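Please open the model in a viewer and follow the selections below in order. Each stop names what to select and then what is found there.

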Amino acid sequence: MASDFAARSDGPLPTSNTGELIAVLESIQQNKSAKRLKIASDSQYTIEALTKHSQTWLSKGVIGVKNPEIVSAILGEILAKYTEVKLRKVKGHSGDTGNDGADMLANVGANKTVPDKIDLTMSGVIRAMGAKTNSLTQAQAYRLMMRHKAVGERTRTTRMMTRTRAAIEASTGVDLPPETVWKSLRIRKKGTISQKFSVFAWKSLHEGHKIGVFWKHFKPERLICQPCNAPIEDLNHILTECRTSGQETIWELAQRAWGATGLPWPEISLERILGVGNIVVKNDQGKVLEGRTRLLRIIVSESAYLAWLDRCEWRIGREQNPLRLHTKKEITAQWKSIIGRRFRVDWALTNKAAFGKRALRHAEVKRTWKGLTMANNDKMLRDDIFAEGVLVGNGGRACQRRPAGRNR
């Protein structure tokens, strides 16, 4: 049995794989009474999705699969019917009558002014089946649970994300969607933003740190920052205004180091710190400077995280003792130590024997740190900016190589 139809999918522009899957779904739905159904496709992805991978995907609850709703709907239709479905691979644009006809119908569907409604009802059947627990990783199990959990929009998250996107747009001229901002915190490529900063920024975007208004109703004395006499100790205060975090000294050091690039130092704000993974540096012609962009992201993220750690160390480790505030000498030594370590890690990451394809290129590291290294040695930082120092005091968590806790 054969039937001709042309459909246009609703929503974002579909890929060719999406179109192939929809064609298979429509074929099954329009031939429900057939005892045997033979479907020919030139898409290797579609053939393997419904044969080679289908059992594995079903056991995992169709988690981590592209086009999950369509794939689930197809598998649901197949399981609900007694129709025998056979798939056959054909070569595209090879003169096959059916394949050429399908291409023509695809063009007809693409030119429709009104999208067709695709029946994905059977995807709910697959979703209700769940998954085999022994086939899931911990991450997959979490994603599966979150899929069944109704998650509403958090007002605090929306508010902070809106402010961060506005700061990114003011800097780059591009209005990025929230998904891009979240994704920038997960990217480990080129080792620019550390995992510890990513966790800190992720929690900050959710306004989830236990500071300021968190204590309003049961420990109001912790609502304020007493040394600064600030009415609310929020994250913006800690990173850009507070005396206890050492932020003033930290940003002075950061600006001084950046001055070696000959480029203007950007205005530092909480929103720019949280969106630093999307901030770019351009020259006068508007060309993105990859090395300078990478350096700015390293300096800003590491400096902000040090200010946060020093504030926490004073609040907790030093019991908020006003006589035990971090000294300028101590903060300077901490900052130079952290940036120096990032510099050494960068060069270590150029080792192709250890990191293979993930290794950084020598030229990329040189461009990143250009102007901050010795004139005759790219693997040594300038003494006048990064002279070796000795950490003062007991160091605390800010000086530990790996801070204690699950997010170290």
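Begin by selecting helix 14 and helix 15, which are oblique to each other. This is a predicted model. Helix 14 spans residues 290-317 and helix 15 spans residues 328-348; their axes come within 10 Å and cross at roughly 140 degrees. The obliqueness follows because angles over 145 degrees would count as roughly antiparallel, and 65 to 115 as roughly perpendicular. The crossing of this pair is right-handed.

Next, show the side chains at the contact. On helix 14, select Arg294, Ile298, Ile299, Glu302, Ser303, Leu306 and Asp310. On helix 15, the partners are Ile331, Gln334, Trp335, Ile338, Ile339, Arg342 and Asp346. Coloured by class, the residues of this contact comprise seven nonpolar, two polar and five charged.

Helix 12 contributes Thr249, Ile250, Glu252, Leu253, Ala254 and Ala257 to the contact, while helix 15 contributes Lys328, Ile331, Thr332 and Trp335. By class, there are six nonpolar, two polar and two charged residues in the contact of helix 12 with helix 15.

Which residues touch the most other members of the largest nonpolar core? Select Phe197, Leu239, Trp308, Trp335 and Trp369, which hold that position among its 55 residues. Helix 14 supplies the largest share of this core, with twelve residues.

Now centre the view on leucine 239. Setting aside neighbours within four places in sequence, leucine 239 is in contact with Phe200, Gln247, Trp251, Leu270, Ile273, Ala304, Ala307 and Trp308.

Finally, return to the whole protein chain. How many helices and strands are there in the chain? The chain has 18 helices and four strands. Of its 408 residues, 41% count as buried. Among contacts between residues at least 6 apart in sequence, 66% join residues at least 24 apart.

Technical notes
Residues numbered from 1 in each chain as written. Predicted model: local features only at pLDDT ≥ 70, side-chain atom pairs only at ≥ 80, totals over all residues. Heavy atoms only, no water. Axes fitted to C-alpha atoms, helices over the stretch in contact; angles between N-to-C directions. Helix = DSSP H or I, 4+ residues; strand = E, 2+ residues; numbered from the N terminus. Parallel < 35°, antiparallel > 145°, perpendicular 65-115°, else oblique. Left-handed = near helix turned anticlockwise from the far one by under 90°. Contact = heavy atoms within 4.5 Å. Nonpolar A, V, L, I, M, F, W, Y, C, P; charged D, E, K, R; others polar. Core = buried A, V, L, I, M, F, W, Y, C linked by side-chain atoms within 4.5 Å. Buried < 20%, exposed > 50% of the residue type's maximum accessible area, 1.4 Å probe, protein only.
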